[in-house]
Amino acid sequence: MNLQPEDFWSYSQWFLRDGAFLESAALKGIVLFALAVVLGLIAGYVISSSRYGSGEGFFAVARAVRDFFKFDLPGTSLRRIFALARLSFKEALRRKVLYIVGLFVVLLLLAGWYLNPQSDDPARLYVSFVLTATNYLVLALALFISAFSLPEDIKNKTIYTIVTKPVRVTELIAGRMLGFIGVGTMILVPMGLLSYVFVVRGLDHSHQEVVEVRELPGGGYEGETDFVQFHSHTFELNEAGEGLTNIVRGHRHVVRRNEDGTFQIGPPQGALRARIPSYGSIRFRDRSGNLQEEGIDVGNERLAGGYSSTGIARLIGVAKGSRKIEHGYVEGGSLGTAEFTFENVTQNRYPDGIPVDLSLRAYRSYKGDIETGIRGSVTMKHPDKAIESNPVAFIVDEYEVDEKILPLQIEGTDGSETRMLNVFEDLVNEDGQIMIIIRCLDRAQYLGVTKSGVYLHPADNTFGWNLTKAYGSIWLQMTMVIAFGVMFSTFLTGPVAMIATFVCVLLGFSAEQVFDTRHYIDSGIERGGGPIESMVRLLRQDAMTTQLDVDTVAAKVIKTVDAAIVYGLDAIATALPNLPKMVETAEYAASGFDIFGALLARHATATFGYVLLAFIVSYFILKSREIAA
């Protein structure tokens with residue numbers, strides 16, 4: 001998977017941006033909080049004015065603000081909140097929501113028929129399936145129970161049994177949210193356990209026999225395993241009769257030769273992993289060896305450059321307004337390189353070698369030898385001195401993570417002298433830094449590199465814990481959807497509240513497309529225009545890159561209306577949670593990477609902020625509403 005620069009931020013960098021407060025998540029939260037309070041007050045005033053008139057409506061809202069700070073918030077009782085949460089929990093259970101677990105079991109049973117058994121990476125396929133299925137089912141459940149509960153209680157007048165008792169509005173809203181979150185949590189736990197069992201059992205297999213075994217001239221053995229689950233492995237054993245198979249479909253096996261001459265093949269290793277990568281900083285050199293900030297743009301990636309929002313949209317969406325080239329390319333057969341500098345390279349972290357994982361792209365300017373592939377090399381170098389190891393060659397595989405372990409003792413050059421080098425004595429500086437250099441060896445061919453495409457791999461986390469963190473991310477998304485559903489249900493009917501919540505979720509997922517459309521409108525690039533222009537082009541069957549073939553006045557009106565619509569959507573989309581970033585945590589688990597704590601902390605902070613905003617808006621709307629009406 002390819003990470004963007006902001007994915008490498010620590011929690012403090014994301015929250016405060018190290019002095020760039022105008023671009024920080026903290027400022028975004030402050031602006032969103034202020035906007036939510038204003039919108040909540042306006043909605044409450046509109047509701048009160050429709051019932052009591054403009055003057056009395058103003059005083060009703062003012063009393064609500066006074067009551068919130070003077071009575072309701074200080075007088076909120078945790079005991080009453082948990083009592084109301086338990087009531088909401090029981091109401092949700094009576095609606096047969098637990099059937100969603102049965103539906104998930106059916107999906108797992110049917111998955112064996114539809115998941116491709118010959119996939120090159122079955123672990124990614126299985127993990128991605130269970131997380132995606134869980135995500136959609138749980139979000140749909142959260143949307144349904146949160147949007148319909150309060151309107152149905154008001155419609156059926158069952159809420160009278162609650163509001164006639166000494167219950168505050170803050171307790172009513174918090175109790176609803178906690179009750180529904182409890183229901184969702186109770187459903188997520190068995191789904192997570194079933195997912196773990198499904199993935200582990202689905203990938204478990206064993207090779208019982210070896211074929212074509214032969215003894216090597218220098219000692220040891222080589223051979224091939226039997227064909228199981230659409231694959232087999234080749235292996236090579238040392239003189240002691242121990243070794244590993246090659247990596248096929250994302251895993252390998254330990255092979256041992258017993259004293260009686262038989263071979264023992266262990267269970268699969270490496271299929272279900274949670275790599276803890278250590279990323280470094282990256283810089284490039286062009287074909288002449290000059291330093292560059294970016295690699296070569298071969299023209300098949302995203303547009304370079306960037307754009308930023310303006311006005312309120314910029315204040316609340318600063319982190320969403322940038323576009324960068326995903327890969328920088330290194331020219332082959334030249335002085336072009338991609339240089340990675342890694343920190344904290346110590347003997348304690350890397351006692352057996354320097355594990356380097358490569359995930360690179362290949363771009364061919366001519367056909368070449370397509371069977372062999374494009375060649376590259378990895379070199380270790382001292383960051384400050386002219387000491388470097390001899391290059392280790394490899395063949396680029398764009399669809400696999402190429403795992404290499406560079407030895408701690410390796411031949412290299414020290415100035416003009418060739419000698420054996422010790423990594424920690426000769427190639428790591430006093431600050432614990434080492435440089436890894438990637439080159440392309442084939443002339444006029446190119447290697448695509450990103451900051452996340454080359455990393456050191458000091459350790460692994462457990463797959464079970466990583467899957468738990470992925471389900472924790474789903475829980476945060478569910479909590480956010482429940483908060484929005486409860487907020488809309490305070491003043492809308494059930495179906496309308498569900499649609500409003502769904503639109504918020506949809507806009508959160510579609511934010512990047514909205515920003516792209518705004519970018520093209522701002523820059524004047526013809527890409528089909530906004531919604532009105534696109535509809536006109538569809539009806540006229542015009543190409544999206546041509547000038548709009550209408551008269552001047554009509555074109556100006558269409559583009560003005562489109563700009564207003566897109567700018568409005570831009571402001572709304574930037575104010576909504578960036579759900580795609582939260583969903584991407586599933587990609588971490590599916591790709592075999594550990595979901596690091598800073599990422600979950602960022603998502604948890606954003607979720608808490610949006611839940612708090614929804615709670616405040618819900619309070620002012622419900623406080624200004626006459627429930628008995």
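## Close-up views of a predicted model

**View A. Strand 22 with strand 7 and strand 12.** Ser-278 stands opposite Leu-456 in strand 22, and this position belongs to the antiparallel pairing in which four bridges join strand 7 (residues 274–278) to strand 22 (residues 454–461). Strand 22 is also joined by three bridges to strand 12 (residues 354–358), again in the antiparallel sense, and here Asp-357 stands opposite Tyr-455. Strands are DSSP runs of E with at least two residues, helices are runs of H or I with at least four residues, and both are numbered from the N terminus; two strands pair if DSSP finds at least two bridges between them. The structure is a predicted model, in which local features need pLDDT of at least 70 and side-chain atom pairs count only at pLDDT 80 or more, while totals for chains, interfaces and linings use all residues. Residues are numbered from 1 along each chain as its sequence is written, and side-chain values use heavy atoms, with hydrogens and water left out.

**View B. The protein chain as a whole, as a setting for the other views.** The secondary structure of the protein chain comes to 17 helices and 22 strands. Of its 629 residues, 45% count as buried, where buried means under 20% relative accessible area, exposed means over 50%, and partly exposed lies in between (1.4 Å probe, protein chains only). The chain exposes about 31,300 Å², of which carbon and sulfur atoms supply 58%; such areas come from the Shrake-Rupley method with a 1.4 Å probe, and for residues only the protein chains shown count as cover. Among the contacts in the chain with a separation of 6 or more, 71% are accounted for by residues 24 or more positions apart, a contact being a case of heavy atoms within 4.5 Å.

**View C. The open sheet in the order 10-21-13.** Three strands form this open sheet, and their pairing is antiparallel. Strand 10 (328–331) and strand 13 (361–364) stand at the edges with a single partner strand each, so one side of each has no neighbour in the sheet. On average, and with direction ignored, neighbouring strands of this sheet are turned by 30° against each other. Four bridges join strand 10 to strand 21 (residues 445–449), and Val-330 has Leu-447 in strand 21 as its bridge partner.

**View D. Gly-448 and its surroundings.** Gly-448 is found in strand 21, where its relative accessible area of 0% means that Gly-448 is buried. Leaving aside neighbours within four places in sequence, Gly-448 is in contact with His-327, Gly-328, Tyr-329, Leu-360 and Arg-361. The C-alpha atoms of Gly-448 and Asp-297 are separated by 9.4 Å, although the two residues are 151 residues apart along the chain.

**View E. The hairpin of strand 18 and strand 19.** Strand 18 (residues 409–414) and strand 19 (residues 417–422) pair in the antiparallel sense over six bridges, and the bridge partner of Asp-414 is Glu-417 in strand 19. Two residues lie between the strands of this hairpin, in which Gly-415 takes a positive phi near 70°.

**View F. The open sheet in the order 1-2-3-4-5-6.** Six strands form this open sheet with antiparallel pairing, and the edge strands, each of which pairs on one side only, are strand 1 (210–215) and strand 6 (263–265). Neighbouring strands of this sheet are turned by 20° against each other on average, direction ignored. Within the sheet order, strand 2 (residues 221–225) and strand 3 (residues 234–237) pair over four bridges, and Glu-222 stands opposite Glu-236 in strand 3.

**View G. The crossing of helix 12 and helix 16.** The axes of helix 12 (residues 494–509) and helix 16 (residues 579–590) come within 7 Å and cross at roughly 75°, which makes helix 12 roughly perpendicular to helix 16. Axes are lines fitted to C-alpha atoms, for helices over the stretch in contact, and angles run from 0 to 180 degrees between N-to-C directions; angles under 35 degrees count as roughly parallel, over 145 as roughly antiparallel, 65 to 115 as roughly perpendicular and the rest as oblique. Val-505, Gly-508 and Phe-509 in helix 12 meet Leu-579, Pro-580 and Val-583 in helix 16. By class, this contact has five nonpolar, one polar and no charged residues, where Ala, Val, Leu, Ile, Met, Phe, Trp, Tyr, Cys and Pro count as nonpolar, Asp, Glu, Lys and Arg as charged, and the others, Gly among them, as polar.

**View H. Asp-67 in helix 3.** Asp-67 lies in helix 3 (residues 54–72) and is buried, with a relative accessible area of 13%. Not counting residues up to four places away in sequence, Asp-67 touches Asp-72, Leu-73, Tyr-619 and Lys-623.
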